[in-house]
Amino acid sequence: MGAGHSHSHDHGHGHSHAPADFGNAFLIGIVLNTAFVAIEAVYGWISGSMALIADAGHNLSDVLALLLAWGASVAARRPASERFTYGYKSSTILAALANAGLLLVAIGAILFETLNRIAEPAPVAGETMVVVAGIGIVINAGTAALFMRGQHDINIRGAFLHMAADALVSLGVVIAGLAIIMTGERWIDPAVSLAIVAVIAWGTWGLLKDSVAMSMLGVPKGISENEVRAYLSGLPGVEAVHDLHIWPMSTTETALTAHLVMPGGHPGDPFLLELAHELEHHHRIGHPTIQIETTRANCGAGC
């Protein structure tokens, strides 16, 4: 190492942003929705309602999504090991990506059957649709309420949005059932199924986009790389910032590495502690690693 040039690696770790314990919420949601899927599928078949069957398929994908999210949240709490030095935090990102994939499969299956039903409309028992979908409103809305307080976590947000959307879809099925009772029109049922597919697709696109970005280590939503760079560049004694990287460790925790060129010398631990506090509380970055450099020797184009 050349004279007048030193490297110092300092880690500032803020308070933990690990997923809150939603174990009971996941368990309740999975049990209730599994039971409802069975009821909805059976009565959808008996009544001839494609809308009920479509909603049952959607609810089944949501049960699988809840299982994945729950498993990932448990895995994220496992301690680090010699091989997985970050622990299993990134499993929450994989779960979000898998959930989006499950929803895409559900969309394809429901759309295929719905198009067949449009070509050959079948008689539907509107009364059964209304009763079963009414039960669905209660179950899905109640399950969604269990996840309202975890919106900062993409997995929890996904669970909430799935359940809230399901409640709205069930409301649509109730309305469709009432319309069929009043008019006797068979096309209403497959039309509502298409609307259900559109609702699922809308929610899936957002979840897919966010989970793919996270899996590619993109800067998490809500964090501005430009703002973080400006903050670091404006710190006393910092002449330049290079090799700045910001990426998600999990769906709730964000890491940062950066090199600060400080010709005046290493600023000391109080500087690093204040920097870590600022990054956590104003930029939502809880795992910063800062390297202090006293010359521009290793900057290259980064400076």
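Which residues does Val 173 touch, not counting residues up to four places away in sequence? In this predicted model, Val 173 touches Ala 51, Leu 52, Met 129, Ala 133, Val 192 and Ile 196.

Val 173 belongs to the largest nonpolar core, which has 29 residues. Within this core, the residues that touch the most other members are Leu 52, Met 129, Val 173, Val 192, Ile 196 and Ile 200. At least two core residues come from each of helix H2 (50–75), helix H3 (91–119), H4, H5 and helix H6 (188–215). The most come from H6, which gives seven. A second, separate core holds 20 residues, including Val 228, Tyr 231, Leu 232 and Val 241.

Two packed helices are described by the angle between their axes and the distance between the axes. The axes of helix H4 (residues 126–146) and helix H5 (residues 154–183) cross at roughly 160 degrees. They come within 8 Å. An angle over 145 degrees counts as roughly antiparallel, so H4 and H5 are roughly antiparallel to each other. The crossing of H4 past H5 is left-handed. In their contact, 17 residues are nonpolar, seven are polar and two are charged.

Ile 223 sits in the loop between H6 and helix H7 (225–233). Its relative accessible area is 11%. Buried means under 20%, so Ile 223 is buried. Beyond its neighbours within four places in sequence, Ile 223 is in contact with Val 228, Ile 246, Thr 254, His 283, Arg 284 and Ile 285. Ile 223 and His 283 are 60 residues apart in sequence. In space, their C-alpha atoms are 6.2 Å apart.

Terms used:
Residues numbered from 1 in each chain as written. Predicted model: local features only at pLDDT ≥ 70, side-chain atom pairs only at ≥ 80, totals over all residues. Heavy atoms only, no water. Axes fitted to C-alpha atoms, helices over the stretch in contact; angles between N-to-C directions. Helix = DSSP H or I, 4+ residues; strand = E, 2+ residues; numbered from the N terminus. Parallel < 35°, antiparallel > 145°, perpendicular 65-115°, else oblique. Left-handed = near helix turned anticlockwise from the far one by under 90°. Nonpolar A, V, L, I, M, F, W, Y, C, P; charged D, E, K, R; others polar. Core = buried A, V, L, I, M, F, W, Y, C linked by side-chain atoms within 4.5 Å. Buried < 20%, exposed > 50% of the residue type's maximum accessible area, 1.4 Å probe, protein only. Contact = heavy atoms within 4.5 Å.
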